[in-house]
Amino acid sequence: MAEASRLEIVLRDQVSAGFSEDALQEIFLNEQKRVIDALMLAEVLGPLLTEHLAATGPDPTARAHAPAARSSQRPATTDRPLAIADLIEGMLMQERATRGHAA
Amino acid sequence: MSTAALEKSVEKTEKVTTSASGSVATATATPTRRTDRKSILVGFDLGTNKSCILTGLPGSSDISASKIVSSVVGYVRDGIVDGIIAGNASILYGDDALRNVLHVNLVAPLDRGVIKHRDAARDFLQHIRSLADPSGSAEIRAVVGIPANADEQAREDIRQCATGIFDRILLIPEPFLAALGFRDDARLGQPGYVDPVTNSLFIDIGGGTSDLCLVQGYFPTPDDQISIGFAGDAIDDLMRQDIDRVYPNNGLTHLRIREIKENHAYVGTIRKPIDVKVIMGGKAHTLELGEVIGRAGNTLIDKIYPALTTLIGRASSDGIVTLLQNIIITGGGSQIKGIDTVLQKKLADDSYESPKVRLAGQDYKRYVALGALKAARAARENQWQYLLA
């Protein structure tokens with residue numbers, strides 16, 4: 001967000017005076033929406049692609065996850081009540097890492 | 001791209017787990033997957049001898065259905081006269097099958113916690129589905145308990161048997177689910193309450209397996225779990241061997257021996273006499289079975305104790321003293337008289353610091369299913385695995 005604001009300021013300085021403010025605002029809004037959509041897509045597809053790569057071949061991401069499956073590298077514990085969904089995610093990560101090794 | 005279009009894109013590309021053997025539970029979702037069908041969440045403890053299901057609706061904390069079903073299918077024998085079997089059913093399940101043992105071929109779908117008879121397993125799962133959703137029209141999302149360290153083949157067997165019966169599935173080890181079910185959500189964060197999911201060791205003694213699991217604030221790794229293929233059924237087998245040796249031609253059925261175990265099982269110092277009345281050849285006899293029962297129970301202790309100390313040795317040293325105060329026995333084996341005190345005494349005698357072993361209590365039959373239902377309620381959309389026929 002800070003970077004986007006900085007770029008907006010730079011662009012406004014460089015755009016000629018004849019360029020309409022409304023048009024400029026519309027461009028910024030469209031680009032902002034495009035970036036947000038891209039971020040959402042990455043958030044959803046990232047785990048799916050990781051799973052697909054783990055299933056179809058050696059996956060550096062899966063190898064990166066593999067150390068977490070070893071008992072010597074347990075995640076840090078916390079005093080807060082644990083979210084069940086996060087625990088399930090931990091289980092699924094272990095499964096993906098195991099399948100990555102098997103593949 | 002709008003959010004609605006993004007969701008449709010996710011639907012079409014979402015992929016489910018692929019087993020190590022290469023078989024795929026499902027590939028892509030179809031456009032019909034997201035329908036207006038009602039969803040029912042199922043917490044399912046698929047036990048070797050007894051299964052338990054708890055159901056609920058998404059967004060609700062109520063339990064819609066709670067059933068314990070003997071894990072057995074009875075195929076009605078050919079030639080049975082009409083009217084002998086209620087509704088002239090061709091297949092019976094659970095206690096109905098057991099009550100009609102003379103007229104059916106009984107099949108236990110599972111052995112030591114894993115599927116042994118696929119057709120019977122599918123029939124049994126279909127029955128479970130009908131209990132969860134009598135209308136047959138709802139989308140069923142089931143969290144299924146599996147033995148600790150169940151291998152990929154065992155998991156794939158469950159997925160394949162459940163395909164076309166459950167719509168979405170999550171397989172989670174049973175002792176972890178027991179910890180989740182045992183957790184008192186109302187007391188989380190209260191001073192003095194130790195969340196069992198944060199620091200405990202669960203011993204789930206079922207019919208086919210005894211599963212031990214270290215639960216210390218993260219999802220247990222394979223090293224945190226030990227599954228022993230010695231449990232209730234093995235105790236029955238030992239009792240059978242001893243009874244046949246001491247009382248030849250006793251004619252006791254497997255089910256009768258299990259009943260004797262459930263009524264009289266204990267561990268520790270041999271107790272005598274334990275007189276059990278049985279019918280042999282139509283005549284009543286009294287068998288003294290104190291030593292038979294005690295020997296079988298103590299064999300279970302001999303198997304469990306080394307696994308227990310192994311896991312204690314693997315536990316994080318942070319909080320080990322608290323862990324030793326939170327060793328919990330659940331499952332049918334928790335009903336064995338003296339099992340908590342015997343294990344606690346063994347630990348104390350081996351100089352473990354202030355150990356405390358306790359029983360899960362009267363709800364022991366439901367904790368795995370309860371934990372599974374909690375997991376079903378909490379699971380994120382992308383954590384569910386689709387099952388496509």
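The structure is a predicted model, in which local features need pLDDT of at least 70 and side-chain atom pairs count only at pLDDT 80 or more, while totals for chains, interfaces and linings use all residues. Residues are numbered from 1 along each chain as its sequence is written, and chains are lettered from A and ligands numbered from 1 in the order in which they are written.

Chain A contains four helices and zero strands (DSSP runs numbered from the N terminus, with helices being H or I of at least four residues and strands E of at least two). Its elements follow the order α-α-α-α from the N terminus. Chain A has 103 residues, of which 13% count as buried (20 or more other C-beta atoms within 10 Å of the residue's own; exposed residues have 12 or fewer and partly exposed ones lie in between, with C-beta atoms placed from the backbone). Of the contacts in chain A between residues at least 6 apart in sequence, 76% link residues at least 24 apart, a contact being defined by C-beta atoms, placed from the backbone, that lie within 7 Å.

In chain B, an open sheet is formed by three strands in the order S5-S4-S6, with antiparallel pairing (two strands pair if DSSP finds at least two bridges between them). Strand S5 (91-93) and strand S6 (104-107) of chain B are the edge strands, each pairing on one side only. Neighbouring strands of this sheet are turned against each other by 25° on average, direction ignored. Three bridges connect S4 (residues 73-76) of chain B with S5(B) in the antiparallel sense, and Tyr75(B) has Ile91(B) of S5(B) as its bridge partner. The loop between S4 and S5 of chain B holds Asn88(B), a residue other than glycine whose phi is positive, near 50°. Asn88(B) counts as exposed because it has 11 C-beta neighbours inside 10 Å.

Parallel pairing involves strand S16 (residues 327-330) of chain B, which is joined to strand S11 (residues 200-205) of chain B by four bridges and to S17(B) by three bridges. Ile203(B) has Ile329(B) in S16(B) as its bridge partner, and Ile328(B) stands opposite Arg358(B) in S17(B). In a regular strand, side chains alternate between the two faces of the sheet. Both faces of S16(B) are covered, with Ile327(B) and Ile329(B) buried on one side and Ile328(B) and Thr330(B) buried on the other. Ser351(B) is located in the loop between helix H10 (339-349) and strand S17 (357-359) of chain B. Although not a glycine, Ser351(B) has a positive phi of about 70°; it counts as exposed because it has 7 C-beta neighbours inside 10 Å.

Helix H6 (residues 232-246) and helix H8 (residues 290-314) of chain B pack with their axes 9 Å apart and at an angle of about 150° (axes are lines fitted to C-alpha atoms, for helices over the stretch in contact, and angles run from 0 to 180 degrees between N-to-C directions). H6(B) is therefore roughly antiparallel to H8(B), a term for angles over 145 degrees. Residues making the contact include Ile235(B), Leu238(B) and Met239(B) of H6(B) and Val292(B), Ile293(B) and Ala296(B) of H8(B).

A cis peptide bond, with omega of about -5°, links Lys272(B) to Pro273(B). Pro273(B) lies in the loop between helix H7 (254-264) and strand S14 (275-280) of chain B.

Methods:
Parallel < 35°, antiparallel > 145°, perpendicular 65-115°, else oblique. Contact = placed C-beta atoms within 7 Å.
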